[in-house]
Amino acid sequence: MDDMIICRCEGVYLSDILKAIEEGASSVPGIKKRVRAGMGYCQGRVCQPVIRDMLESKTGGEKMPPQQRAQTPVRPVLLDDMIRR
Amino acid sequence: MKVDVAIIGAGPAGLTAAVEIARNGLSAAVIDEYYRPGGRLLGQYYEDPYAPADQRTWDGKKEADQLEEKARSLGVHIFMNVTVWAVSGKWRVDMAGGDLPAITSNVLLLATGSVEKALPVPGWTLPGVISVGAAQTFTNLHHVAVGKKVMMAGIDPLSLSVMIELKNAGVHVAGMALPPMSSVTGKNKTPLQTVERLQDVAGLAPNLLVRKLGKFALKRFPKLTASGLRFNLLKVNNVPIHLRKAIVKIEGEKNVEAVTLQSVSVDGKPAGKTESVEVDTVCLSNGLYPLIDLAQTAGCRLVDMPELGGTVPLHGPDMTTKVSGLFVAGNITGIEGAKVAMAQGRLAAASILQSLGKQAAITVDEAMTEVTNAREKAPLRFLPDIEEGRIKMNKIWEAESAHG
Ligand SMILES: Cc1cc2nc3c(=O)[nH]c(=O)nc-3n(C[C@H](O)[C@H](O)[C@H](O)COP(=O)(O)OP(=O)(O)OC[C@H]3O[C@@H](n4cnc5c(N)ncnc54)[C@H](O)[C@@H]3O)c2cc1C
């Protein structure tokens, strides 16, 4: 199969993610810690559902693979905006 | 600034709730990061065959304008181009992009809607590849043609609806194909499953689908498909719908130049030849999922519920959550159409007013009935098992409530 980018913000390829799964990653945070998928500007808004589907079909357990936790700030903000707080 | 109710999201759910709250004498602020109020309403323009005769055309922009006007005339504060990046305490809403750094409120209503699920296929990062939602917004809101010759991948209620909208706007749609049949993009997209879903859009193209197959035939479609998928190719508004071909690759040097389609068997296995179709634009559709980030940071428990479109905040049938002073409405609770979102907005407002000891013009029970009615009459059904999902959520809610 042709390789392709899955996480657009961090430029992480399908092959990187497949390798991380092979190495034992079984959750979205597990993938993220290995290859940085979901750590960029959109914080996984684009790639997380895709990675979760991949994990589910590869590991295929009863439960859906764990997702990452949304954290404050939920959008990219300027430090200036945070200081104004 | 301090208001009784802070509402995140100026879509149909948030705006309708704001109107209802202000009409009953409380103060409300609506905050949205887009430049114009209306949320996903702004891109919607289609025929609704189930509506009363004089309301058959659903013009989302007009609906949005009317809601905004009503809200403003009732004194609702509307902040546009303002992003909410944190919610905390009870309640403090941190904002970026506007003059005010934050507002405080007694009640928080999250009406953040839903977002599109990506559909990765080799070549999907080439210029000229767009999502179905982008195509809808370009066409109906900005009146910009997305391309000269468009191939759509992903055959579902939303993409079919947008295809008809593109055609009506004079854009040349070369065809629609199935998404790639791979583990990368999830399941439920085989020819068989796709055809089963077609009955959910019968309302959108009644004269086309129903006339061709008969309402009756549509109901029995799954059986027909099982016996060999007789309808390999369907035409809707003159656009070929390739029920037995999946997109496998998008090609081009600097831009989209062509797509490769692969014939597949009824259960989605590659079968037979591939072909290349020259196009300059590809429009990808893979469904929607609720945007729950703020609910999670507000301490709301999340529940995985594929029937509702993904992970949703645990909530009651009256739009309350287990976090005191926190309410939800609209697509954040599950993927449905705009009229359902509006009804949920009214319901959330009724629950909020009740929680604050205010008399509302509509009771919570009446508002719940309106949500059910809107669901039954929805012209576009995004998820096949939405009712089941709602029932499941109510059961989890009741079980949790019994524990106290
Ligand atoms: C691509 C797409 C196409 C759709 N097409 C149709 C259609 O054709 N017909 C139909 O009936 N339904 C359609 N829907 C479903 C649509 O979600 C509902 O019709 C309806 O708009 C849901 O209303 P809502 O108020 O829940 O959310 P939305 O209308 O999505 O509004 C949510 C608003 O919240 C804002 N927001 C979210 N987070 C933040 C934040 N942190 N800070 C500030 N603002 C924030 C967003 O900018 C957005 O304006 C579509 C949905 C999508 C995503």
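The paragraphs below lead through the two chains of this predicted model, then their interface, and then a few single residues. Residues are numbered from 1 along each chain as its sequence is written, chains are lettered from A and ligands numbered from 1 in the order in which they are written, and side-chain values use heavy atoms, with hydrogens and water left out. Because the model is predicted, local features need pLDDT of at least 70 and side-chain atom pairs count only at pLDDT 80 or more, whereas totals for chains, interfaces and linings use all residues.

Chain A has four helices and two strands, where helices (H or I, at least four residues) and strands (E, at least two) are DSSP runs numbered from the N terminus. Read along the sequence, these elements follow the pattern β-β-α-α-α-α, and the C-alpha trace of chain A spans about 45 × 30 × 20 Å along its principal axes. Of the 85 residues in chain A, 39% are buried, a term that stands for under 20% relative accessible area, with exposed meaning over 50% and partly exposed the range in between (1.4 Å probe, protein chains only). Among the contacts in chain A with a separation of 6 or more, 50% come from residues 24 or more positions apart, a contact being heavy atoms within 4.5 Å. The accessible surface of chain A comes to about 5100 Å², and carbon and sulfur atoms account for 49% of that area; such areas come from the Shrake-Rupley method with a 1.4 Å probe, and for residues only the protein chains shown count as cover.

Chain B has 11 helices and 21 strands, and 58% of its 404 residues count as buried. In chain B, 64% of the contacts between residues at least 6 apart in sequence join residues at least 24 apart. Chain B exposes about 16400 Å², of which carbon and sulfur atoms supply 52%.

Where the two chains meet, the contact takes 33 residues from chain A and 36 residues from chain B. The size of an interface is often given as the accessible area lost when the parts come together. Here the area buried between chain B and chain A is about 3000 Å², with 58% given by carbon and sulfur atoms, and buried area is the accessible area (1.4 Å probe) that two parts lose on being put together, summed over both. Five salt bridges are found across this interface, each being a side-chain nitrogen of Lys or Arg within 4 Å of a carboxyl oxygen of Asp or Glu. In a salt bridge between A:R75 and B:E33, the side chains meet at 3.2 Å, N to O.

Several residues can be followed one by one. A:I83 lies in helix 4 of chain A (residues 79-84) and is exposed, with a relative accessible area of 67%. Together with A:L79 and A:M82, A:I83 makes a nonpolar surface patch of about 330 Å²; patches are made of residues with over 30% relative accessible area and no salt bridge, like charges being joined within 9 Å and nonpolar side chains (Val, Leu, Ile, Met, Phe, Trp, Tyr) within 5 Å.

A search of the whole structure finds zero disulfides over all chains, a disulfide being a pair of cysteine sulfur atoms within 2.5 Å. A:C7 is in no disulfide, and the nearest cysteine sulfur, that of A:C47, is 4.3 Å away. A:C7 counts as buried at 3% relative accessibility, and B:C300 is buried with a relative accessible area of 7%.

In chain B, B:R390 is found in helix 11 (residues 386-403) and counts as buried at 10% relative accessibility. Leaving aside residues up to four places away in sequence, B:R390 touches B:L308, B:H315, B:T333, B:G334, B:E336, B:Q344 and B:R375.
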